[in-house]
Amino acid sequence: MFANVFDSNGDPLTGLSAQDFSITDTGDQQSVASITRPQTDSQTNISVSLIIDRSGSMRGQQIEDARQAAIDFVNLFNSGDQGEIISFESQINIRQRWTRTVPSLESSINNISVGGQTALWDAITTGVEEVASRQGRSVVIVLTDGQDNQSSTTLSRTVDLATEQAVPVYTIGLGSGVNESDLRQLASTTGGEYRFAPSSSDLSEIYNNIRQTIADEYELRYETTNTATDGSQRQVELTATSGGATGSDTGTYESPCAPLPTARFSLPDSISAGQDVTFDGSQSSANGGSLVSYEWDFDNNGVTDGSGETTTHVYSNTGTYEARLTVEKTCGASDVTTEDLTVTGTDIAISIDNVNDPVEEGETLEVDLLLENLTDTTRSVSVVLEAFDGATADVAPIQVVRGQTETLTLEWETEQGDAGTDEIRVTTGEATVSQTVTIEDAPTQFEEQVSQKIGSGGIAEQIDNTSIIASASDAVGADVGDKPMATTTIDGLETAVENGDLTQETAAEAVRRMNHGEEAILKTLQFIGSETQGTDLEPGDDPDTIHYADRVAKYLVETLLAVLSQADSIQNVVFQRLPGWAQDLINLGGSNVLQALRDDLVTSFIGNAVSVGDAREETKTLIGGEANNIVSNIANGTYSTAQTVVGAIADVFDRIGDAIADFIQAGFETGSIQVVSGAAINTVGGLVSGSATVWGAARRINEGYRVDTIPASETFPGSTDTIVQSKNDGIQYIRELMDNSREWLIWIRDKILDFGIISNLIEFVQDVVDIAEAVGSWDFVSLLANSASLIINGVQTAIGILYGIAGLLTSAGAAAVVTRVTNAAGIILGQVITDILEGQQSSLSGFPNIPDRDQVFAAGGSAVPPWASEFANELESGI
């Protein structure tokens, strides 16, 4: 028997002797025959069946921590310890059979993935059956985060089996979803312990504590005075005494039974080296009761080489061998038999060099073979690959030159229903080899869609990595982003599927539609992208490299440089061309003109030109400070030429341009931010409150497919083709919006850069005002002519002209003038999400856009209103 002894503080007592223990067996006092005290880590000899829950609820950090904790545990093994790895969900998978090789155990643990339901009792039953045949101290350790919903057996039968086989089961319950009562009952009844892990981060410590508990055990032996062999359950009480204090505990065992079993097995008539030899122990008999263990020693050297009623072995060398079978019945009675066998040579030696398992159902299992010709003549053979059920999976002829070794690959095209862990066989007729391989369950459509959505590198992760707002979430302690929103929705769908409230197909379609909406969101973010690749401002071949925010920022700053480079002529030109506005500037005084320019940089440049909400003072200070330095140096003569001014601003362009680009991108994402580059953002609720924003679209698509929104009929409106078409139309619309806006900005910048002196800029503005007045678009006139700062500040002028052009060319006459690109993109994206949620054809006709610049200048009267063509011609030739 094995026992732990603790003092009143709960610390283990490891120095007791046989005299400190007393044993009673069904009330009769017994004598302690031997005692083995707790061993050091280097001396333990333990067999552990490690069972790990891989059901869908273990997704994410939980399975990662579980894998790491299990790896840490097996790395504590010493040379005498052995382990096996079992994972479970709806099915049970023995990923690694008994081995002392820690790297093999680590590899099998690392390959555990998640998905499916929870066959907890079936998994523990498999572990108990595996452990029952082991010699020495053997235990089961099982980790789960849920409750059984799939097993063919029950808790009661699992407890009975573990008790009959004297297998202690240590249970670990992870999180609030477990049934602690069941796990505690199983552990306490079988002699194990139950441990609760509030979080997956606690698992490593729990595994370590369990191992230490096992290592601190005493092993006591006694010969019972009760010689009956009736197979009855007997109660044993063990009492320990230390320092005058005593403690006791009880356990049960099944008494021996009679008669003894009979061991028998059969062999093939002829056996060749390199051939699979089948050992069949089905002739063995329990003689009452049932056999629970078959242990095979293929060369009778005292080492167990295999288990199970029927097994296979390959003898590599010729010679005479003695094979040994030991069988054991339920009560522990056993019998042994041996058979002599002769292994002869073979013409072609065959071996399996590599197998690409595990593969999923529907994938191809590839088996790489080595065939060696052992004769002095060329031989031709047919090589056959057999599947789990013995059916031929592949066959190929091969010719092997004498004394040579050839390679050959056979393939098994697996299908649905082939999943499992079993042996494949390869045979040439005279030589056979086998290997245990794993065919995994193919993921369901739901699992595939979930992986695309929130798996590593999935759409949700790409959205968060492309976003400015989501990437700043750590700084404010908020879990902001698409992946958290998506996970909430998917967890609900998964729970509904597990509970039978929703079919796998419906859940898969819900996530599939979410993914289509997310693709439109991701493309919009990629189009906006404020990190320009390289220095070329023109879009590349990649449709995702518009980098609109960066390009707009650079065009605005370049236009500002052009205006500042002509600062010396501002007063005279304004006085000559626009005396009403000039009077305002003259009243300021000569030196104050530059002061007004600086103030305009700080207020209009940030507060008006960017126009994405309230800018925090830190950002205003950043750009205002740079403007202050430049203006002061102009005033005191340090910067005496236009080229010097331009160079000074170019030196800080990266800081200013990056700030503006981030403002623009954040405006697309949320419509409201507080700090650019400083990582502070609005509250989570504020980020997703507006539907006409990137995050508003993400919120709608994620919430639109939650369980409580799915129709009772489990049908969705529209078809997949309709949704895909709506998504693609929306993506193209948004791309054109940004491309066309960018082209107009380039045109305006180039015009301003070509003016040479500021008077031409003002002539340009006045011409635009005259044209606007002629076509009756007074909103546009007001936009351009509301203050002198619009002339001084070239950036504001450029933006005003851009909006004016957009307004004039998208509406006939005096219709609405300006639709900001950010708002337009948000509105269009919002409509795309609506189309997907409602399963309807794209309905973007009539939505705001900015016309293609080249088409406007090339078009005839039928393509655009006559006034638009006239407007274009005036701008091209008259300035």
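This is a predicted model: local features need pLDDT of at least 70, side-chain atom pairs count only at pLDDT 80 or more; totals for chains, interfaces and linings use all residues.
A salt bridge, for this talk, is a side-chain nitrogen of Lys or Arg within 4 Å of a carboxyl oxygen of Asp or Glu. Keep that one in your heads, please. Residues are numbered from 1 along each chain as its sequence is written, and side-chain values use heavy atoms, with hydrogens and water left out.

Okay, salt bridges. By that rule the count comes to 18. Let me start with Glu-180 and Arg-184, whose side chains meet at 3.8 Å, N to O. Both sit in helix H5 (residues 180-190), and being 4 residues apart there, they are separated by about one helical turn. When I say helix, I mean a DSSP run of H or I with at least four residues; a strand is a run of E with at least two, and both are numbered from the N terminus.

Now look at helix H12 (residues 504-528). Arg-512 and Glu-509 are 3 residues apart in it, which again is about one helical turn. They form a salt bridge, with the closest N and O atoms 2.5 Å apart, and Glu-509 counts as buried at 15% relative accessibility.

Asp-347 and Arg-379 make another bridge, at 2.3 Å from N to O. Asp-347 lies in the loop between strand E20 (334-344) and strand E21 (348-355), while Arg-379 is in strand E24, so this pair ties together parts that are 32 residues apart in sequence. Asp-347 is partly exposed, at 30% relative accessibility. There's a network as well: salt bridges link Lys-453, Asp-482 and Glu-518.

On to the rings. We describe a pair of aromatic rings by the distance of the centres and the angle of the planes. Rings of Phe, Tyr and Trp (its six-membered ring) pair if their centres lie within 6.5 Å; planes under 30 degrees apart are stacked, over 60 edge-to-face, and the rest tilted. How many aromatic pairs does the structure hold? The structure has 10 of them.

One is Phe-279 with Trp-296, a tilted pair at 5.7 Å centre to centre and 55 degrees between the planes. Phe-279 is in strand E15 (residues 276-280) and Trp-296 in strand E16 (residues 291-297), so the pair ties together parts 17 residues apart in sequence. Both Phe-279 and Trp-296 are buried. Ring pairs also bring Phe-265 and Phe-298 into a cluster with Phe-279 and Trp-296.

Last stop, helix H4 (residues 155-164). Which of its residues are buried? Leu-155, Thr-158, Val-159, Leu-161 and Ala-162 are. The buried residues of H4 pack against helix H3 (120-132), strand E9 (169-174) and H5, where contact means heavy atoms within 4.5 Å. And just after H4, Ala-166 takes a positive phi of about 55 degrees.

Note on methods
Buried means under 20% relative accessible area, exposed over 50%, partly exposed in between (1.4 Å probe, protein chains only).
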